[in-house]
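Good morning, colleagues. Please take a moment to look at the sequence and the structure on the screen, and then I shall walk through the fold and a few of its residues.

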Amino acid sequence: MAIFGEKCDRCGKRTRHKEEDKPICEVCANEMALMVKAQGEVPRQCPVDGAQMTKEIAHMMVIDLCPECKGVWLDSGELERFKGGVETEALLLMARGISYPLG
Ligand SMILES: [Zn+2]
Ligand SMILES: [Zn+2]
């Protein structure tokens with residue numbers, strides 16, 4: 001095994017974490033697990049315009065993103081996990097369509 005681990009199959013970061021014999025860093029593994037869970041949930045409708053929202057993963061949370069108004073909606077439990085202002089700010093930026101470097 002290489003000293004610094006192998007490159008994550010998803011993001012290219014060095015990792016020693018493996019899943020199904022593929023190098024996947026823990027961050028990506030967690031995100032993918034969240035995504036699988038999110039895919040199994042019923043899509044929600046935007047409370048503003050009734051559009052069907054898509055599930056996205058941001059900051060280790062499943063969020064609902066409206067393609068119409070670009071609104072970002074969180075599950076009530078997820079909102080409580082927003083303790084610091086940094087993530088909230090990042091999400092707000094994302095909601096306005098301003099991109100920021102992920103990771
Ligand atoms: Zn990764
Ligand atoms: Zn909307």
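Predicted model: local features only at pLDDT ≥ 70, side-chain atom pairs only at ≥ 80, totals over all residues.

**Overview of the chain**

The chain holds three helices and seven strands; helices (H or I, at least four residues) and strands (E, at least two) are DSSP runs, numbered from the N terminus. Residues are numbered from 1 along each chain as its sequence is written, while chains are lettered from A and ligands numbered from 1 in the order in which they are written.

In what pattern do the elements follow one another along the sequence? The pattern reads β-β-β-β-α-β-β-β-α-α.

Of the 103 residues, 10% count as buried. A residue is buried if 20 or more other C-beta atoms lie within 10 Å of its own, exposed if 12 or fewer, and partly exposed in between, with C-beta atoms placed from the backbone. As for contacts (C-beta atoms, placed from the backbone, within 7 Å), 15% of those between residues at least 6 apart in sequence join residues at least 24 apart.

Two strands pair if DSSP finds at least two bridges between them. Strand β5, residues 54-58, runs antiparallel to β6, and five bridges join the two.

G71 lies in the loop between β6 (61-65) and β7 (72-74). Why does G71 count as partly exposed? The reason is that G71 has 16 C-beta neighbours inside 10 Å. Its C-alpha atom is 9.9 Å from that of D49, 22 residues away along the chain.

Finally, consider A38, which sits in helix α1, residues 26-39. A38 is partly exposed because 17 other C-beta atoms lie within 10 Å. Leaving aside residues up to four places away in sequence, A38 touches K55 and V62. From A38 to I57, 19 residues apart in sequence, the C-alpha to C-alpha distance is 8.7 Å.

Definitions and conventions: Contact = placed C-beta atoms within 7 Å.
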